[in-house]
Amino acid sequence: MIERREAVAGLLKDRPEELLVVTGLGSPTYDVAAAGDVDRNFYLWGAMGGAASMGLGLAQARPGSRVAVITGDGEMLMGLGSLATIGAKQPANLAILVIDNEAFGETGGQTSHTGQTTNLAAVALACGFRKVITVRKPEELAGVRQLLLEEKGPVLAVVKTRAGELPRVLPERDGHAIRLRFKAALAKP
Amino acid sequence: MAGFSFADGDWRAGMFSQFKACGVQQMAYVPDAGHASLIRACHADDEIDCTVLTTEEEGVALLAGAELGGMRGVMLMQSSGVGNCVNMFSLLASCRFPFVTLVTMRGEWAEFNPWQVPMGQATEDTFKRSGFIVYRADTGEDAAAMTGSALRLAYDSNCAVAVLLSQRLIGAKTF
């Protein structure tokens with residue numbers, strides 16, 4: 001079984017300086033903050049369903065930078081149409097990582113669609129993503145890191161993790177402050 | 001710009017000129033017949049990256065992402081799409097993202113389809129209650145001037161601005 005916090009920390013360990021990360025609300029925001037509160041992280045605390053679209057707009061604006069969207073299954077399901085939009089645009093620098101615990105973890109752990117019938121990697125592939133993978137074992141995470149950081153996009157990885165709550169790691173939640181910090185990081189020479 | 005020119009008298013040419021003058025580099029849209037020539041003009045322009053959306057709320061997040069990366073954008077939609085965006089508008093308010101949308105109106109002038117009326121009538125209030133500055137254009141001249149003003153206001157002063165293109169201006173759709 002993969003532990004999410006550990007997995008995200010490993011995937012972002014010694015991350016390339018150029019990497020830009022957008023997080024989906026809830027646990028993915030806490031997981032990414034726990035891995036290191038880098039000023040090239042943009043944390044969403046709301047706007048559910050918007051993480052992948054935000055990543056697309058950022059990727060199109062910064063074609064020279066790698067953009068990784070790190071989100072959960074519930075957030076991705078709410079923005080399922082954005083996978084079709086991304087497939088149509090074929091951004092070479094965009095990767096999506098779905099931390100999939102098959103549950104709505106913030107609201108009591110109700111079973112999500114991925115715990116029933118929906119296969120998000122298959123949806124992304126059908127939308128025209130270049131490569132997708134789904135992993136369940138820690139030893140498969142090296143392949144996820146390669147996909148997330150290096151392979152030509154659009155790509156999507158689903159990491160199946162244990163359900164259940166972890167201690168919350170809460171980064172800045174004032175959206176304007178997060179935005180200004182992110183933009184200042186990009187403005188540095 | 002290769003491969004496209006506006007028909008004589010198409011007031012959308014003035015809106016497009018404002019896109020260029022204000023440095024618009026991304027355009028996101030859910031199509032509407034009233035925006036058709038503007039959409040074609042953007043697609044024909046190598047300096048504007050066009051993204052067709054499955055639903056309007058994607059465009060709100062997309063253009064917020066573009067702004068994070070330093071690009072100006074605009075979203076084209078019709079009034080029926082405004083309600084699809086409401087929670088996503090919280091992204092603009094929470095982070096003070098600049099944002100501009102140009103909205104073709106339905107359900108307000110000689111409308112044939114009753115299903116367009118509820119959202120058309122709620123459009124202006126929905127924007128205002130979501131923190132937008134709202135302009136309404138009744139002439140082609142207004143549409144161009146308001147597009148330019150909306151882009152400057154949004155990107156110079158961190159505002160969300162909607163320009164409503166009245167159904168009387170666009171012409172009621174005939175069935």
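Helix 3 (residues 51–61) and helix 5 (residues 80–89) of chain A have axes that come within 9 Å and cross at roughly 20°. Helix 3 of chain A is therefore roughly parallel to helix 5 of chain A (angles under 35 degrees count as roughly parallel). Axes are lines fitted to C-alpha atoms, for helices over the stretch in contact, and angles between N-to-C directions run from 0 to 180 degrees. Helices (H or I, at least four residues) and strands (E, at least two) are DSSP runs, numbered from the N terminus.

On the helix 3 side of chain A, A52(A), S53(A) and L56(A) meet S82(A), L83(A), T85(A), I86(A) and K89(A) of helix 5. Contact requires C-beta atoms, placed from the backbone, within 7 Å. These residues divide into 4 nonpolar, 3 polar and 1 charged.

## The sheet

Chain A has an open sheet of 6 strands in the order 2-1-3-4-8-7, with parallel pairing. Strands pair if DSSP finds at least two bridges between them. Strand 2 (41–43) and strand 7 (131–135) of chain A are the edges, each pairing on one side only. From one strand to the next, the twist averages 15°.

Strand 1 (residues 20–23) and strand 3 (residues 67–72) of chain A pair in the parallel sense over 4 bridges. L20(A) stands opposite V67(A) in strand 3 of chain A.

## Basis

This is a predicted model: local features need pLDDT of at least 70, side-chain atom pairs count only at pLDDT 80 or more, and totals for chains, interfaces and linings use all residues. Residues are numbered from 1 along each chain as its sequence is written, while chains are lettered from A and ligands numbered from 1 in the order in which they are written.

Terms used:
Parallel < 35°, antiparallel > 145°, perpendicular 65-115°, else oblique. Contact = placed C-beta atoms within 7 Å. Nonpolar A, V, L, I, M, F, W, Y, C, P; charged D, E, K, R; others polar.
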